[in-house]
Amino acid sequence: MSLRRHIKLLLQCSCIWLGFWLLGLPSYYQQYSTVFMAVASILFSVGVSLAAIAILLRCHSETRMSRAFWLSVYYTLPFAALDAVYCGWYLGRGSEFIFEYWYLSVFYVTPWLTFMPTAALLRSHVEPGAE
């Protein structure tokens, strides 16, 4: 992947984090019930899974696994780092924010459990016009 694409993904995920942060105001989703956050997390996970299929189907089969890897990196590490700065440092929660903000923390893992296996399952998919 080119340096330009890496920078674009980093900017994209930073903007998405900012959007999630703004939507979570005033208490970064702590104002909602556990049940609501659990249901929202499940629905969001379904959306991520469908997005993974849509994105990875558009990739050439020889670059699909690499793209899945980089999407997993950029949609976990920057989010975790930004949440650590905001929740852990700014809000003073320390490393305990991982448990207190569990609905964020689960998404530090789920892209790895979604994108890479999806890419593996799509290995047998024939690209349109490749016959």
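What is the handedness of the crossing of α2 and α3? The crossing of these two helices is right-handed, a term used when the near helix is turned clockwise from the far one by less than a right angle, anticlockwise being left-handed. The tour below returns to this pair after a view of the whole chain.

The model is a predicted one, in which local features need pLDDT of at least 70 and side-chain atom pairs count only at pLDDT 80 or more, while totals for chains, interfaces and linings use all residues. Residues are numbered from 1 along each chain as its sequence is written, and side-chain values use heavy atoms, leaving out hydrogens and water.

**Stop 1: the whole chain**

Display the chain as a cartoon. Its secondary structure comprises 7 helices and 0 strands; helices (H or I, at least four residues) and strands (E, at least two) are DSSP runs, numbered from the N terminus. The C-alpha atoms occupy a box of roughly 55 × 35 × 20 Å along the principal axes. Of the 131 residues, 31% are buried, meaning under 20% relative accessible area with a 1.4 Å probe, protein chains only. Among contacts (heavy atoms within 4.5 Å) between residues at least 6 apart in sequence, 74% join residues at least 24 apart.

**Stop 2: the loop between α1 and α2**

Select proline 26, which lies in the loop between α1 (3-23) and α2.

Next select tyrosine 28, found in the loop between α1 and α2. Its phi is near 50°, a positive value in a residue other than glycine. With 1% relative accessibility, tyrosine 28 counts as buried.

Tyrosine 29 is in the loop between α1 and α2, and its phi, near 75°, is likewise positive in a residue other than glycine. Tyrosine 29 counts as buried because its relative accessibility is 12%.

**Stop 3: helices α2 and α3**

Select residues 34-57 (α2) and 64-74 (α3): the helices pack at an angle of about 140°, with axes 10 Å apart. The pair is therefore oblique, the class for angles that are not under 35 degrees (roughly parallel), over 145 (roughly antiparallel) or 65 to 115 (roughly perpendicular). Axes are lines fitted to C-alpha atoms over the stretch in contact, and angles run from 0 to 180 degrees between N-to-C directions.

Finally, show side chains at the contact: Ile55, Leu56 and Leu57 of α2 meet Arg64, Arg67, Ala68 and Leu71 of α3.

Methods. Buried < 20%, exposed > 50% of the residue type's maximum accessible area, 1.4 Å probe, protein only.
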